Amino acid sequence: MKDSRLDISALDTTAAKTLEIRGLRKTYTMRGGRSVPAVRDFTLSVAPGEFVTLLGPSGCGKTTVLRTLAGLEEPDAGEILLDARAITQLPAHRRRIGLVFQNYALFPHMTVSENVAYSMRIRSAPADATRTEVAAALKAVGLEALGTRLPSQLSGGQQQRVALARALVMKPDLLLFDEPLSNLDAKLRVQVRGELKRLQKQLGTTTIYVTHDQDEAMSLSDRIAVMNAGRVEQVGTPEEIYARPASLFVADFVGQVNALPGRVTGYADGRATIDVLGHRVTLRADRNPPPDVLVLVRPEAVRLSGAGDGAIIAVVEELDYRGDRIEYRIRIGDTMLVAIEAALGRRGRVAPGDRVGVELAEDALHLLPAKMEMPA
Amino acid sequence: MTALAAGRGLSEPGRSWALALLYPLAAAIVALFIAYPVVELLAHAAMSDGRVSFAPLARVLSEPYNRQAIYNTLLLGLTVAVLGTILAALYAYAMTRVEMPGKAVWHFLALLPTISPPILMALSLILLYGRRGLVTHELLGLQTTALYGYWGLVVAQVLSYFPFAYLLLLNLFRGLDASLEEAAGTMGAHPGKVLATVSLPLLVPGLAAACVLLFGYSFADLGNPLLLGGDFPVLSSQIYLAIIGQYNIPRGAALAILLLLPAALLFFFQKHLSARTAHASVGGRGALRHPQVRHPAAKAGALVVCGGMSLVIVMQYATVLAGATTRIFGINNTFTLRHFSAVLAGSRNALVDTIGLGVAAAIASAILGVLIAYFVARTRRFGRGMLDFTANLPLAIPGTVIGLGFALAFNHRPLLLTGTAFIIVAAFSMRALPYTIRSGVAALQQIHPSLDEASTNLGATREQTLWRVLLPLLRPAVIAGMIFTFTRSVTTLSAVIFVVSPHWSLVTPTILSQMDRGDLGEAAALSVILVVLVLAVIHGVPRLVGRDWRESA
């Protein structure tokens, strides 16, 4: 897996499948009869070969959706279609959907090879085909030398790769990942994440990935579905999710954001004029926005300059050095803002108490109706 | 105990002189009351005219009757092991994987036999199916002794001991990582295949451990073979007859060795197997979401297993209660309390002594247990491995063998303890010691050493840390150990049968002699009192002393 060009001919999948999830609902009944909705009306279409991540805080229902796809949970309502074929009623073992578990779930009484060969043994595949494909899968994840080890003799990263090889060998119609990197340390996580992405692109298997880590989601995904309290808040490319979040929750979950109350004073030719922080800005808006809006601006789009340079004057309250960047907490009138600047290569030094000029990059501003404000 | 938890500094010699004294003291007690009696027993069995000789052993082995007893012991053990494990596995599976009503009730009833004297099963079986039994004699008009012998023993021992296997398997089934079974499912294995290729291979060591555990219990049982053995002699009853009936000590000792060796081997084998099951369970998230089977047939099956087994157990207890409150059970079923008044008049001393000595043993065992647990878990003292091993030996030694070892070791100077209360308390507390140690080690492992450090860092002295942090945290473990010791002590028969004396009589030997005399009503009444007493202690004491801090987590 170190090499980005590997021999995966033995793992070639059949044509990648379209996944269609419609109106999925699942409610858990807790001890004492209390019922807790885990997933409410979840709908998602995934193109063949697409890599889609379900992103959200713990308890948002993302793992339940994944387990429902694998057939490990029965939905209360809704439909799951693979290439237009309904699989909702199919038991897990007849779905051919590979799942990489968070704790890997490697069989402790089988060697690495036996673990990887399991699905083929279950289907009574010929022995030589099994050998070839197990070898290919282990090679694909860079573990060809460790086939005779037991899972307990492997490191966390190696176990993770065995789990992946085990899922690949089935040539799944759909590949599912349940926070597969959460048990690895930070450096390894980034490395395995890159390998995972390359492998998925080469195999072209339709993939659903669950995580609560927005970095991971951004780096891996073709599209991200941000979930909150059992619902999808927004589906979009990583860029859409980050630059044009559909709600304050999404904006806040995928990074830091300044949400500034603004008032719309005019709209013409797809551009809205808005009063914010006592100043007038114009920005692109697809529809005529309601009169009261929130203007979202990411901290890195807040540009600081010498006092008097910019139109807006702010006071630096606090300064947080973070190595690669510096975070400033600045005050404009009664409003606090966060600004981020790359630590190296900036002009001049700023200290708490300094007055600075502020400029908002207008092409990086995003509008939300003020009424939608979500509880944090 | 005071210095026991006096901080982790005790690995630094010289800083805690009290602990420096307590360690050799604990080691001496363990050596004197566990190692020495076993050595003494070996000496009696393998010495003749002051020289080492295997003559007593050879003589015992040469008698066909004894060879028959060895064969019978193995046959009975094997039957009880296999039947009990199957029953326990079904029961545990139903409790963990099938959705059914009444689980709390089934669990409580299954565990009832673990806190009752095993002779209670023999008593109720005799009342129901004995020579003058309600079912056999009164209802069916049979004049049969079919109960006495192999099958009667199988039933009595399976009922008495399957709960121990059930507890072991219950934890195993609960701990098995559900995601392993799910993973197999997603890879195309249907439920039967999942069971065959994943669940069973992971459970095999546990099932084997349950088997071996039951084998050991059957081996060690004395009460049931004495009462139900009939023409089916086993080793434990032969030891009793050799010592009490014939007063032939070398013969009894030789038979005890024959019982000890396989029992000890089985114990270490079981320990080995249990260690192997550890890798199958991870606890945590994966263990919590075992899907519950909802299929009506599975539910019905589970209810039949658990309900049926519970019904049988309830029937045993109901029979004993009925036997205690009727004039002559099955013949004259008039309600009476005269058995109780007879017991309270005639056996009051046995009751008072049992309670008093049981409490004394509970205190002794808990203190010693926590002390040893501390040395084992929190220090690196020389010889602590040996101490741990020796202190845990009573798990491997059948009660009859320990009791006989005690009787032989402390029957002469310099340690003439026969006839004293001390020997009984010592026998009680040594038998329970492995459990109090285990409870203490578990509690200490939950108390992170950083707690001591935090307390010191916040300005507490060593003594304040001890009183305000460690002892309160260890309290639940100490109380659990005391309750366990008390329960086990007042219900054991095998360990005390050779050390009771006219001065200090105990309840279980009294029940045995009442049954011997044919006073089944009094035996039943005394059994009822004992079971009620134990239940009251188990459920009452924790309520009196308050909540366990571990439960609120």
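The model is predicted, so local features need pLDDT of at least 70 and side-chain atom pairs count only at pLDDT 80 or more, while totals for chains, interfaces and linings use all residues. Residues are numbered from 1 along each chain as written, chains are lettered from A in the order written, and side-chain values use heavy atoms, with hydrogens and water left out.

Chain A and chain B bury about 1900 Å² between them, 64% of it on carbon and sulfur atoms (accessible area, 1.4 Å probe, that two parts lose on being put together, summed over both). In contact terms (heavy atoms within 4.5 Å), 25 residues of chain A face 22 residues of chain B.

Arg67(A) and Glu182(B) form a salt bridge through their side chains, at 2.6 Å, N to O. From chain A, helix H1 (62–70), strand E6 (97–100) and helix H2 (112–122) each bring at least two residues to the side that touches chain B (helices are DSSP runs of H or I, at least four residues, and strands runs of E, at least two, numbered from the N terminus). H2(A) gives the most, with 4 residues.

Over on chain B, Val82(B) sits in helix H3 (residues 64–97). Its relative accessible area is 39%, so Val82(B) counts as partly exposed (between buried, under 20%, and exposed, over 50%; 1.4 Å probe, protein chains only).

Note on methods:
A salt bridge is a side-chain nitrogen of Lys or Arg within 4 Å of a carboxyl oxygen of Asp or Glu.
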